Amino acid sequence: MSQPTTEEAPSKPTKKTANDYAFGKLLGEGSFSNVYLAKDVKAQREYAIKVCDKMHIIREKKAELIQREKQVMTIISHHRSDVAPFFVNLYATFQDSERLYFVMTYAPSGELLKLLNFHKTFNKETCRFYAGEILQALIHLHNLKIVHRDLKPENILLNEFGHVLITDFGSAKIMSSNEKADLPEPEKSNSDDPTSNKQSRKNSFVGTAQYVSPEVLQGKYSIVGPPADLWAFGCVIYQFLTGSSPFNGPNEYLIFQKIIKINYDFPPDFDSEAKDIVENLLRLEPGERLGSRDTDRYTSIKSHEFFHGIDFDVLHKQDPPSFD
Ligand code: ATP
């Protein structure tokens with residue numbers, strides 16, 4: 001995709017256009033978008049602008065995904081939390097004849113995955129810090145009745161101070177008000193094997209293979225709620241401490257088999273408190289995952305030994321642990 005240009009006059013005087021920004025370097029490429037660093041010419045503020053090619057979106061049938069991403073980011077941006085400012089916000093959207101533009105918070109420190117890969121693993125202190133911020137973000141998100149459904153280290157960016165900024169809401173689900181978010185009732189299924197029954201095979205899963213929850217894999221979409229993110233949260237804690245996700249394999253089929261059998265191992269030196277929290281998050285039944293039955297979210301996770309001594313409400317003001 002070439003560098004964007006403005007091609008249409010603004011329809012309303014207040015509406016932003018690409019002319020309001022000086023586009024800089026390419027920050028990254030998605031499957032149907034490019035993200036550029038850009039400066040608001042008037043305000044002299046930096047943003048990340050995601051530029052999506054309309055034809056590509058239509059060809060790949062991604063219009064719904066883009067629409068949902070915009071909808072969810074708008075909700076989050078309108079309901080900011082003082083104690084969980086851990087999201088990439090959406091500041092403006094506009095379009096020209098060929099492209100859609102999303103003006104978002106710029107995350108100068110890049111992906112948390114890169115930081116993790118650079119250091120191979122996080123020590124317990126660093127893990128507790130990032131996991132604590134992610135948990136605060138999940139509490140806020142779930143209070144807004146939004147399930148991310150694709151939580152993973154690639155979708156966790158870092159701001160200039162090294163704090164978490166969760167992004168990529170294309171797979172998110174907004175729960176209707178009558179949906180029971182906390183205690184999903186298990187659905188009847190003929191088979192536990194996601195690849196062996198016709199119904200499941202029809203369902204293409206949302207999310208990323210290694211982090212996808214069993215209920216999503218088994219096509220039990222009506223019960224997919226906040227516990228799907230708690231599952232991914234368990235995978236992420238495991239990955240922080242070991243350097244790789246718990247469920248791995250040469251292909252998606254084998255990864256899925258491991259997930260539905262909860263087939264994973266801990267290295268011998270894995271911290272015992274971390275082991276307990278991961279085991280309690282990686283439960284087959286969504287309603288049995290640690291936190292899923294809390295009325296005041298997620299007190300049972302926050303009070304777990306693993307997080308002992310963490311003051312969740314001030315994490316955003318603290319310095320991230322140093323690596324030396
Ligand atoms: P896909 O669309 O295939 O799921 P993706 O979600 O990573 O991929 P984008 O959201 O378009 O796609 O992001 C592309 C890349 O741009 C990301 O991998 C990230 O490195 C970078 N990026 C995205 N948002 C920001 C941001 N707010 N600040 C800094 N870099 C960003």
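Predicted model: local features only at pLDDT ≥ 70, side-chain atom pairs only at ≥ 80, totals over all residues.
Q: How many helices and strands does the secondary structure of the chain come to?
A: The chain has 324 residues, of which 52% count as buried. Among its contacts between residues at least 6 apart in sequence, 66% join residues at least 24 apart. Its secondary structure comes to 10 helices and nine strands.

Q: In what order do the strands of the open sheet of five strands stand?
A: Strands β1 and β2 (residues 33-40) pair in the antiparallel sense over six bridges, and in this pair G28 has V35 of β2 as its bridge partner. Six bridges join β3 (residues 45-53) to β5, while five bridges join β4 (residues 90-95) to β5. With antiparallel pairing, the order of the open sheet is β1-β2-β3-β5-β4.

Q: Which strands stand at the edges of the sheet?
A: The order of the sheet runs β1-β2-β3-β5-β4. Each edge strand has a single partner strand, so one side of each is left without a neighbour in the sheet, and the strands in that position are β1 (21-29) and β4.

Q: Which residues of β5 are buried on one side and on the other?
A: Strand β5 (residues 99-104) is mostly covered, since six of its six residues are buried. In a regular strand the side chains alternate between the two faces of the sheet. Both faces of β5 are covered, with R99, Y101 and V103 buried on one side and, on the other, L100, F102 and M104.

Q: Which residue stands opposite Y101 in β5?
A: Strands β4 and β5 form a hairpin with three residues between them, and they run antiparallel. On the β3 side of β5, which also pairs in the antiparallel sense, C52 stands opposite L100. The residue opposite Y101 in β5 is F94.

Q: Which residues does I301 touch, not counting residues up to four places away in sequence?
A: Once residues up to four places away in sequence are left out, I301 touches L135, L230, F233, I277, L281, L290, G291, D294 and F307.

Q: Why are α4 and α7 described as roughly antiparallel to each other?
A: Helix α4 (residues 124-143) passes α7 in a right-handed crossing, and the residues that meet include I134 and L138 in α4 and F233 and I237 in α7. The axes of the two helices are 10 Å apart. Angles over 145 degrees count as roughly antiparallel, and α4 and α7 are therefore placed in that class by a packing angle of about 165°.

Q: Is R289 buried or exposed?
A: R289 is found in the loop between α9 (272-281) and α10. Leaving aside neighbours within four places in sequence, R289 is in contact with residues including E215, W231, N280 and R283. Under 20% relative accessible area counts as buried, and because the value for R289 is 2%, R289 is buried.

Q: How far apart in space are G309 and Y130, C-alpha to C-alpha?
A: G309 lies in the segment after α10 (299-302) and is exposed, with a relative accessible area of 70%. In sequence G309 and Y130 are 179 residues apart, whereas their C-alpha to C-alpha separation in space is 14 Å.

Q: What is the phi of K145?
A: K145 is found in the loop between α4 and β6 (146-147), and at 26% relative accessibility it counts as partly exposed. Q44, in the loop between β2 and β3, is also a residue other than glycine with a positive phi, near 55°. For K145 the phi is likewise positive, with a value near 65°.

Note on methods. Residues numbered from 1 in each chain as written. Heavy atoms only, no water. Contact = heavy atoms within 4.5 Å. Buried < 20%, exposed > 50% of the residue type's maximum accessible area, 1.4 Å probe, protein only. Helix = DSSP H or I, 4+ residues; strand = E, 2+ residues; numbered from the N terminus. Pairing = 2+ DSSP bridges. Axes fitted to C-alpha atoms, helices over the stretch in contact; angles between N-to-C directions. Parallel < 35°, antiparallel > 145°, perpendicular 65-115°, else oblique. Left-handed = near helix turned anticlockwise from the far one by under 90°.
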